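Visitor: Please take me through the model shown below by way of questions and answers.

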Amino acid sequence: SREIEESLVFLGRLVGTACRHGIPVDLPLPLGIFWKRLAEEHVEPYDCIQEIDILAFKRMVGSELSGINTYVLETTLSSQRRLLNSFAEGMSSVL
């Protein structure tokens with residue numbers, strides 16, 4: 001929702017301001033879905049979904065309907081990318 005995206009932009013601004021002033025911020029964010037994407041490194045989609053939702057990952061691996069698995073995986077990851085873009089937008093506005 002728009003409210004969540006605005007909150008993430010604000011969080012990005014806070015983190016960007018902290019980085020600019022040398023203040024360490026301890027954010028326990030997943031490596032694959034967040035930091036690697038922010039650094040534009042290659043990330044395997046199944047590794048990302050495993051970090052986000054382990055139960056959804058186990059359900060996808062156990063299912064035999066691979067077409068549905070791909071759809072669910074892409075839908076979940078696209079929403080996560082949109083949220084990450086909001087955070088990165090907030091950081092870039094400060095840095």
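## Helices and overall layout

Visitor: How far apart are the end C-alpha atoms of H1?
Guide: Helices are DSSP runs of H or I with at least four residues, strands are runs of E with at least two, and both are numbered from the N terminus. The expected span of a helix is 1.5 Å times one less than its number of residues, so the 19 residues of H1 should span 27 Å. The distance between the end C-alpha atoms of H1 agrees with this, at 27 Å.

Visitor: What kind of model is this?
Guide: Residues are numbered from 1 along each chain as its sequence is written, and side-chain values use heavy atoms, with hydrogens and water left out. Local features need pLDDT of at least 70, side-chain atom pairs count only at pLDDT 80 or more, and totals for chains, interfaces and linings use all residues, for this is a predicted model.

Visitor: How many helices does the protein have?
Guide: From the N terminus on, the elements run α-α-α-α-α. There are zero strands, and the number of helices is five.

Visitor: What percentage of the residues of the protein count as buried?
Guide: Buried means under 20% relative accessible area, exposed over 50%, and partly exposed in between, with a 1.4 Å probe and protein chains only. The C-alpha trace spans about 50 × 25 × 20 Å along its principal axes. Of the 95 residues, the buried share is 25%.

Visitor: Is glutamate 5 buried or exposed?
Guide: Glutamate 5 lies in helix H1, which covers residues 2-20. The side chain of glutamate 5 makes a polar contact of 3.2 Å with that of arginine 2; such a contact is a pair of N or O atoms within 3.5 Å, in which, within protein, one must be able to donate a hydrogen and the other to accept it, and residues adjacent in sequence count only if both atoms are side-chain atoms. With a relative accessible area of 14%, glutamate 5 is buried.

Visitor: Which residues does glutamate 5 contact, leaving aside neighbours within four places in sequence?
Guide: Contact means heavy atoms within 4.5 Å. Serine 86, in helix H5 (residues 66-94), touches Glu5, Leu8 and Val9 when residues up to four places away are not counted. Leucine 83, also found in helix H5, touches Ile4, Glu5 and Leu8 on that basis. The residues in contact with glutamate 5 are Arg82, Leu83 and Ser86.

Visitor: What is the relative accessible area of serine 86?
Guide: Leucine 83 counts as partly exposed because its relative accessible area is 23%. Serine 86 is buried, its value being 6%.

## Where H2 meets H3

Visitor: At what angle do helix H2 and helix H3 pack?
Guide: Two packed helices are described by the angle between their axes and the distance between the axes. Axes are lines fitted to C-alpha atoms, for helices over the stretch in contact, and angles run from 0 to 180 degrees between N-to-C directions. The axes of H2 (residues 31-38) and H3 (residues 45-52) lie 8 Å apart, at an angle of about 125 degrees.

Visitor: Which term describes H2 in relation to H3?
Guide: Angles under 35 degrees count as roughly parallel, over 145 as roughly antiparallel, 65 to 115 as roughly perpendicular, and the rest as oblique. The packing angle of H2 and H3 is about 125 degrees, which makes H2 oblique.

Visitor: Which residues of H3 make the contact with H2?
Guide: H2 contributes Leu31, Gly32, Ile33 and Arg37. On the H3 side are Cys48, Glu51 and Ile52.

Visitor: What is the relative accessible area of cysteine 48?
Guide: Cysteine 48 is in helix H3 and touches Gly32, Ile33, Arg37, Val43 and Leu77, not counting residues up to four places away in sequence. Cysteine 48 is buried, with a value of 0%.

Visitor: Which phi does glutamate 40 have?
Guide: Most residues other than glycine have a negative phi. Glutamate 40 is found in the loop between H2 and H3 and counts as exposed at 74% relative accessibility. Although not a glycine, glutamate 40 has a positive phi of about 60 degrees.
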